[in-house]
Amino acid sequence: MGVIEKTRELAMEIAVSSEYKRLRETELVVDRDEKAGELKRQFAAQIERIQHLIESEAPSGDIQGEHEQLRAIGMEMDANASISEYRAARAAFDRLIEQVNGVIGHFLSGESLGKSCGGCGGCGKLN
């Protein structure tokens, strides 16, 4: 079996993982949450404003004020249950992908996984 076929198998396993399913479920919840959508739009617009100010070499006081606004929107996002759940699901999925990449890296480099394996603790039994 070739590398590409094994990669497809890995992708299919990831797609049925609890981490991936939870990520997709929380994305749908965020998409249906009007307040979450408004916060996401405000956040993106604020980033664009800041980028525009930086590109136009606006005074640092103007940029600082916009950063304060961005932080305030970010705090509202942190308080939104839908966004908070999505972020937790995203972090769990990212950890899964990091573990997968760590195992692949271990076999390619021969280096110890250490505790980054996320379960084996670097016992060396993956060799």
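Modeller: Start with Arg 87, which forms a salt bridge with Asp 78; their closest N and O atoms are 2.3 Å apart. This is a predicted model: local features need pLDDT of at least 70, side-chain atom pairs count only at pLDDT 80 or more, and totals for chains, interfaces and linings use all residues. Residues are numbered from 1 along each chain as its sequence is written, and side-chain values use heavy atoms, leaving out hydrogens and water.

Colleague: What counts as a salt bridge?

Modeller: Side chains of opposite charge can pair when their charged atoms come close. The rule asks for a side-chain nitrogen of Lys or Arg within 4 Å of a carboxyl oxygen of Asp or Glu. By this rule there are nine salt bridges.

Colleague: Is Arg 87 buried or partly exposed?

Modeller: Buried means under 20% relative accessible area, exposed over 50%, partly exposed in between (1.4 Å probe, protein chains only). Arg 87 is partly exposed because its relative accessibility is 34%. Asp 78, at 48%, is partly exposed too.

Colleague: Where do Asp 94 and Arg 90 lie?

Modeller: Both lie in helix α5 (residues 81-109), four residues apart, about one turn of the helix. Helices are DSSP runs of H or I, at least four residues, numbered from the N terminus. The side chains of Asp 94 and Arg 90 meet in a salt bridge at 3.3 Å, N to O.

Colleague: Which residues make up the largest nonpolar core?

Modeller: Such a core joins buried Ala, Val, Leu, Ile, Met, Phe, Trp, Tyr and Cys residues through side-chain atoms within 4.5 Å. Here the largest has six: Val 30, Ala 36, Leu 39, Ile 73, Met 77 and Ile 83.

Conventions:
Helices (H or I, at least four residues) and strands (E, at least two) are DSSP runs, numbered from the N terminus.
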